[in-house]
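Biologist: Could you go through this model with me? I have some questions about particular spots and would like to take them in turn.
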Amino acid sequence: MSTVTRNPLVLGNKSYKDITDDILAPVEAPPGKRWFALFLSAKMLFLFYILHIAYIIATGMGLLGVNHPIGWGTMIITFVFWIGIGHAGTLISAVLFLFRQKWRTSVARSAEAMTVFAVMTAGIFPLIHTGRPWLDFWLLPYPNQRGPLWVNFRSPLLWDVFAVSTYATVSSVFWYVGLVPDFATIRDRAQTKLRKTIYGALSLGWRGSARDWSHYEMVYLLLAGLSTPLVLSVHTIVSFDFAVSMLPGWHTTIFPPYFVAGAIFSGFGMVVTLLTLVRIGFPQFKDYITIDHMEVMNKIIMATGLLVGYAYGSEFFIAWYSGNPYEVYAFTNRAFGPYWWAYWTMITCNVVIPQLFWFRQFRRSIPVMFVVSIFVNIGMWFERFVITVTSLHRDFLPSNWGMYAWSWFDTAILFGSFGMFLTIFMLYLKFVPAISIAEVKPVLYVGKKRPNHGGGH
Amino acid sequence: MDSQNTQNTSDSNTTSSGSAYWMSLEQWNGDQALADRFENEFMSSPLSSEDGKDGVARRDFLKIMGASLALATAGCIRRPQAHIIPYAKAPKEITPGEPNYYTSTWFDGTEGAGVLVKTLEGRPIKVEGNPEHPMTLGGLSARAHGEILSLYDPDRLRAPVRNLQNKERTNKESVATTFEEADEKILASLKAGGVALLTGSKPSPSLKAIVSDFSKAFSGARWVQYDSLPVDAIRAGQKASYGRAILPRYRFDKASMVVSIDADFLGTFLSPVEFAKQWAKNRAPGKDMSRLVAFESFLSTTGMNADDRFRIRPSQQLDVVLSLISRVAKLSKGSVVIPGGISAAAKAFENAPKALGFDEVLFDKVASELLQARGSSLVIAGGLPTLTETQVELQVAVNALNSMLGNDGKTIDHDTAVFETMSGSAESLQALIADMAAGSIKTLIIDDLNLNYLLPQDSGFSEALKKVETVVYTGNRNDETGSASQWVLPAGTGLETWGDFELQSGVFSIQQPTIMPMYQTRSLGEVLLAWTAKAANAPQRVKSAATWRDYVMGVWKAEIQGSVELGSGKSFEDFWLQVLQVGVASNKGRRERSGSGRAFVGSISEASLKARPAVGAGYELALYPSVQIGDGKLGNIAWLQELPDPVSKVVWDNYLQVSPAMARKEGLNKGDIVELKVGDVTVKAPVLVQPGVHDSVVALAVGYGQKTAGKVGNGVGVNAYPLSSLAKGKSIFSGRAATVTKTSGRYDLVSTQDHHLMEGRKIVLESTKSAFEKDPSSGIHKHQIFTIWPEHQYTKNKWGLAIDLNSCTGCSACVIACQSENNIPTVGKKYVMQGREMHWIRIDRYYKGSPDNPDVAIMPLTCQHCENAPCETVCPVLATVHNDEGLNDMVYNRCVGTRYCANNCPYKVRRFNWFNYMKKREEPLHMAYNPDVTVRPRGVMEKCTFCVQRIRRGTNKARDEKRDLRDGEITPACAESCPSDAITFGNLNDPKSRVSKMFENKRSYKLLEELNAVPRVAYQVRVRNADRVMEANSHGPADNHDKSHGDDVKKDDKKSHGLLKQDVNEKTGELV
C-alpha cells in the first residue's frame, strides 16, 4: 500500500455541530432573495411548460415537429436525456456505496435527488407523447373488462414502462430512506410546531437508537444492492426501444452498454453543473463538496466520455464491416447528411471537449468544469437527437425521406422540462438537507487521529 | 353484523351440532345466521338491504348518484336535437347498410367515363368505374372520383342569384332570386331574339335535341361550343387531310409502336383512362410487347412511361413529324411514298434530327420501327402543348405519316366510333365574340364555362360580354363570368340530374340522378326545356315532355333504341330498364371496325413553314392541364389539390417547370419566384426545377390561380390562362416566346417526395425486353433468407396483392379511389410541408440517369401486410395485430398513439392522425363518408387495410349464399379504379386465382425482401422496351449473385446516379 494520503473529505476542521449547522442552514433559515429569484423563474418556466403540454394534449401531437417519417421527436429525445441524467445519482449513491467509496457521502444526496427529479421529469414524456394520453393506462397490465385484453409483452415500450417505473420507485425509496436520520435531526432542532410536525412525520419516528441505526444500515445496504442492477438495466431497456426495432441506425447490439455509458456520462455532467451552482449558492457547502470531489467526478466524465466516443467509432466500424448498405448509409448520413451539424455538435461536446480533463488544472477549475459539464449536457441531448431523428429521417426507401419539422412547441417542451426539474430542485434545496448529515459525520476525523495511509478503513 | 339475531337463535338450533364436520364453534353451536351465510355466496345481497335503514341505502345511493351525474353534465353543451324518421313505407330497393349502385356517366368537358355511383340510403358516397362501359371498362381517373366532392361542395351556389349590374356592367349587388322569376324575365328577352348559347362540348344526344328545339323555338338561337382544353386542331387537321372534321378514336390496343408528340394520352389528353387501358394491354412483356416513344417539351405522365424520350420545344413538333416522314420514306427505299402535298415540306426537314440535337441513331431507330410496324403503329399529337401557331399543320403532318404507314383505318378509327360530338371550336367562338361586340347578340346563355377566367385578354370576350343585354350563366359559382351575368342559375352536378352521353359515336351512356337535387338547381337541359316549353312555337316533343327525364327518354326512344344492339326486338320500357341497369348501349360489332385507309389530300406549303415565327434563343412557353384538376373546374376539390402530381409530386400548387440546365444558367432554385412574360402578359410564378424539361421550355399548368373556386381552391397557384391567346380562329397555348426574370421573392412549393434517387437500392426493379426474353426473372436479385421459425399457417383465406410495375402509369387514380373509399382526410398544404399527408397508397417516383432527360421509375406503395410484420411486435397495447387471413389489422379503438409501429415500418406506410382532421370537415362534405369505414379520431395510427370492409362484405355474401368465394369477387378500391389494371387482389390459398399466378410470375419480387418481413404485396418487374436502361440498371441476369451487397450497391451507385450527383443538393437530396 502506498503512503499517499488522500485529502480530507471535509475541509475546515469541522465539529459535528458545525456540520449540522452548515448543512441545515438553508433549510432552517428563511430563503434568501437569490433563492426566491431563481425559484420564481424556474416556476414560471414550469408553468409555461404545463400550459404548452395542456395545449398539446388538447390540440394534438401535430403541434410538435414529429411527422412522417419521423414518428418520435423532442419528447422521446428529452425523455431519454432526462432518464440518462438520472443515472449518476444511483451510481454514486448505490454502486459507490457498495464499493465503500467514502467520497460519495457529500455528493450522494444531491446526486440522488437529481436522479429522482430527473426521472420525474422524464416520466412525463412517455405519458404525453402518445396520440391519446388519456388512454395511457392501457400500457399497464391490469385486470380489465376488455376481454381481458393484455398488453404486448413483446414490445420494448412495455419493458420501458416497467423499467422506468421500477427505477422511479426504487430510487425514490432509496433516497427517502437515506433522508430519514436527517429529517429526524431537523425535527429535533425545530423551533416551530409546524416544522416539528412535518419533519416528525417525515422522519418516521426515528429515535437514533442503535437498533434504529442497525435496521437503517441494513435497509440502506439492501436498497443499494437493489439499485445497483437498475443502473445498468434502465438505460439498457431504454436502449431496447431503439435496438429491438429494425431501423438502420437503431438496430445495433452496442446500444445497451453505449446507452449506459452515455447515461452515466450525462448524469455526472449534470451533477457537476448542479453542484458547482450549489457551491456558489451556499458557500458553506464548499467545505463538504470540495474541489477533490469535483475532480473525481470530472475523471468519471472523462472516462465515460471516452467510452461513448469509442461507441461512436465502433458504430461506424460495424456499419462498414456489416456490409449492410442501409446501415452504411445511415451512418454516413449521420455524419455527412442534412443533420451533420447535430452529429458534429454531439462529437464536439461529448468526445472533444471532455478531453480538457486530461489536465489537472482544468479538472480542478470550477469555471472550466462548469462550462464542460454544460457542453456535456448539450452533447448528450444531441446524441439522442442524432439517434432518434437522423435514423428515422432517412431509412430504407428514399421516397420516405424527410426532415423533422421543428416547431415552437418543441422548443417549449425542451426548455419547459428544465423548468420542472429546476423548480423541484430549488424546493429540494430549501426543504431537504442537500448533503447527508448522517453520512458526512462518520468520514470526519473527530476524536480520531488522521491515518497516514489512505484507502483502507 | 346482526349480533342480536345470532344470540337469539343460538339456543334453538343446538341439535345440528352433531352433524359431520364443523368449521367453527358458531357452526357447532348451530348458529342460524351463519348457516344462512354458508348458503349465500355473497355476504350481503344488494337486494336484501332495506331502503332507509342502513345509512345510504342502495336506491338512495343510486338516486344521489344519478342526480349528481345529472348536475355534473347539466353544464355541458346539449347535443343538437336530431330526429330519426323511419320510412313510413320502405323503398323496396333499399336495405339499410347495403349499398345500391346506379349506372351513370361522368364527363368533365373532355374526358368521360362510365361510372357506377355507390349510394347508401339514398346518399351517393363514391363513384366507381362501370366495367360494362366499352371505353373505360371499369377504370376511373382521379378526377372522376372527385365528382362526389363536387356534389357535396360547401361552396357551390344553393339557389339562383341575380346580379344587379352597374352601368359599366360590373356587379353592383347579388340578390337571391327564384327560378320562376328568372324564367319570366329571361323568357321575355329570349322572345326578343338575338339568342346565343355558349357551352363546352356537349356530347349528349338529348342536349343536342333540346338545343335544336330551343333554337327553333327562339328564332334560330345559335349554339356555339368551345372547350377549355381545345381539341379543334385535330378536327381541322382531319378536315384538311381527309375532308371530314372528326376527332378520331386512337386505338392503342392495336398499336405495337406508339409515337407521341407532346400528347399526354396517359395523363390528360382526351380519354386517358380508355387509352391507358388499351395501351397497358399491349405492354405485357414478351415478344409482342409494344413500344412507346415520346417527343416532349416537358416530362408528362406519358413521358414517364416512354421507352425512349426525346426533348423538343413545342415549336419543333412539326419539325419532328416532318423529319420522321422523310426518314421513314428514305428507310423504306421507295415502298412508302410521301404524299404529294407535303413532300416538299418533308424534304426541307431531312436533316432536322441533327439540328434538333437528337441522337440520330436512336431517331433512325424510331423511324425504322415505325416502318416495321406499318399498320400497327400510331403517331399521335394533341393536347395543350401542341396548340402552337402551326397546330393544324402539325396535325396534317401527323395524318400524313399515319397514312404513309397505313395506320389510318387500323390504329386510327375515323369511321365508326370517333369522338364525333366533341365539337368545340375556337373559330366559332371568335365569330360569336365579334357578334357580341357588334351588339347583335341580345341574350347569351353560358353553360358552366367560366370564360372570363379561361379566355385570354386578346380574345376580347369580357369586353364583348358587356355589350350583351342579358347574360344567363348556369355555373355553380358566382364567379368571374357569373358576376358579369345578370342571372346565375346553378346547374348542379351530374349526380343530381338526368342526362345522356355519346362520348364516342355509337356509345350511348346514361346519366342517372342518384340523389334529389340538394339545392335549388336545374341542369342546362332542364332550363332549356322549361324555356322552350313556354315558347309560342314549341316543338311537339317538348310539349309532351312533362319533365327533363321524359324528354331524355323520348330522345332515346326515337333516336337511340333503333341504332344499338341492346334496343332491338324489345319494347322501349324493357330497353330503357336495361339501359339503366347496364348504363350504356353500344354496338360491339361496330366498335371492332375502324374503317379503311383514306386518301390523304392534305398539304403543307413551304410558305406556311417559312411564315412560322423564328425559333430564337429565348424560352418557349408550354401550357398544360394538370392530372389533378384538369382545366381547373375541379379546383375546389381538396382530394385533387392534395393529390401529388404524378411527375413532380408537388401538391396544392402549379409552378413554372424549368430544366436543370436552365436553372443553372439563370441561377434559379426551387421556389424562386420569377416573372414570366409572354406577349404583353406578365405572370409571377414559383419555379420548380424539373428533370426532363427541354432546356428552352418553361411549362406551367392551367386551371390554378382561381379567385372564385371556393375555400379550397381560391388562391392555389397562379392563373396561366392569360398567357394563352385566342386569335385568328386558333387557341394558342404553347410555343409562344417567353422571357423569364428572376425576382427576389421566394415561395414554398411542397412535394410529398423530396428525394428522387434510389441511392442504388433495389427498390423499383427493371429489366429490358431483350433481357426478359432471355431470362424472365432478369432484374431480380434474390436473397438467401434464413429463419429458425416455422412459417405462419393460413388455413382459410390468404389475401395478397400484386402490383405490376410494368402496367402502372403513375396516373394516381388509385390514390383518390382509396381516399374516397376509406374516408381519408386531406390536411392542407402547410401540413403536407410538415410531412403529414394521409394517403394510404402513395406513388413513389424515382429518376435515373441524366437529369436532363431521366428515366423514371414508378412504384405504388401501400401497406405490405407483412407476415412477420415489424409494426406488430412493437406496439405495446396490441393495437395492430395479424388476423388469420394474413391481414395486418389496425385496431383504432385500442391505439394509444405511440407511433412506434410507424417508426419500425420499413416501408413507412403508416399514417398518424396528428389532429382531429374529421372535425374540420365542413358540412355537407361529411355526407361523402363511407359508413363501412371507421372515421378515425385524433391520435391514432391508420393505414391500408386491403379494404377489409370489402373483404368482409364479400366473404359474408359468399357465406350467405353458401358458396365459395369467386376469384375477383373482392376488389379493393385501388385495384378497382386502376385504368391500366396494374393491381390484382385475391386469395393466395387458391392456386388458380389471378393473384396467385401473379405471385408465381417470374417477374414477381417482394420489396425489401432481405428484411424477411414477408410482405403480402408482390411487385412485378418493370420491363422497358429499350436496351439503354440496362446500362444504367446494372443488375442484369448475368450478374454474379455471390457478390456481397456492399459491392453491388457501390457499383450501382456510380452507374445509376453518377450523372445526377452534380444536380443534387447533397444535404437535402433535392434537385437544385
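Biologist: Which residue stands opposite B:Ile261 in strand 10 of chain B?

Modeller: Bearing in mind that this is a predicted model, the residue opposite B:Ile261 is B:Phe295, which lies in strand 10 of chain B. The strands concerned are strand 9 (residues 257–261) and strand 10 (residues 291–296) of chain B, which run parallel and are joined by five bridges.

Biologist: And what packs on the sheet there?

Modeller: Helix 15 (residues 360–372) of chain B does, touching strand 9, strand 10, strand 11 and strand 12 of chain B, with its direction at about 125° to that of strand 9. Helix 16 (residues 391–404) of chain B also packs on the sheet, where it touches strand 9 and strand 12 of chain B, and its direction makes about 180° with that of strand 12.

Biologist: What is the strand order in that sheet?

Modeller: The order is 11-10-9-12 in chain B, an open sheet of four strands with parallel pairing. Strand 11 (308–311) and strand 12 (377–381) of chain B each have a single partner strand and stand at the edges, so one side of each is left without a neighbour in the sheet. From one strand to the next, the twist averages 10°.

Biologist: Switching to B:Thr119, why does it count as partly exposed?

Modeller: B:Thr119 has 19 other C-beta atoms within 10 Å, and because a residue is called buried at 20 or more and exposed at 12 or fewer, that count places it in between. B:Thr119 belongs to strand 2 (residues 112–120) of chain B.

Biologist: Which residues does B:Thr119 touch, leaving out those up to four places away in sequence?

Modeller: With those left out, B:Thr119 touches B:Pro99, B:Asn100, B:Tyr102, B:Pro124, B:Ile125 and B:Thr514.

Biologist: Now chain A. Which residues are buried in helix 2?

Modeller: In helix 2 of chain A the buried residues are A:Ala42, A:Leu45, A:Tyr49, A:His52, A:Ile53 and A:Ile56. An α-helix has 3.6 residues a turn, so residues three or four places apart point the same way. The buried residues of helix 2 pack against helix 4 (104–128) and helix 14 (408–431) of chain A.

Biologist: How far does helix 2 of chain A reach, and what comes just after it?

Modeller: Helix 2 (residues 33–59) of chain A has 27 residues and reaches 39 Å from its first C-alpha to its last, close to the 39 Å expected at 1.5 Å a residue. Just after helix 2 of chain A, A:Gly60 takes a positive phi of about 140°.

Biologist: How many residues are in contact between the two chains?

Modeller: The contact involves 48 residues of chain B and 43 residues of chain A. On the chain B side, the elements giving two or more residues are helix 31 (870–874), helix 32 (900–904), strand 36 (911–912) and helix 37 (1045–1057), and helix 32 has the largest share, with four residues. By class, that side of chain B divides into 21 nonpolar, 17 polar and ten charged residues.

Biologist: Last topic: how many Å separate the centres of domain 4 and domain 5 of chain B?

Modeller: The centres of these two domains of chain B, taken over C-alpha atoms, are 31 Å apart, and their contact takes 17 residues from domain 4 and 19 residues from domain 5. The domain assignment places domain 4 of chain B at 614–751 and domain 5 at 766–783 + 798–1063.

Terms used
Residues numbered from 1 in each chain as written. Chains lettered and ligands numbered in written order. Predicted model: local features only at pLDDT ≥ 70, side-chain atom pairs only at ≥ 80, totals over all residues. Pairing = 2+ DSSP bridges. Axes fitted to C-alpha atoms, helices over the stretch in contact; angles between N-to-C directions. Contact = placed C-beta atoms within 7 Å. Nonpolar A, V, L, I, M, F, W, Y, C, P; charged D, E, K, R; others polar. Expected span 1.5 Å × (residues − 1). Domains from an automatic or database assignment.
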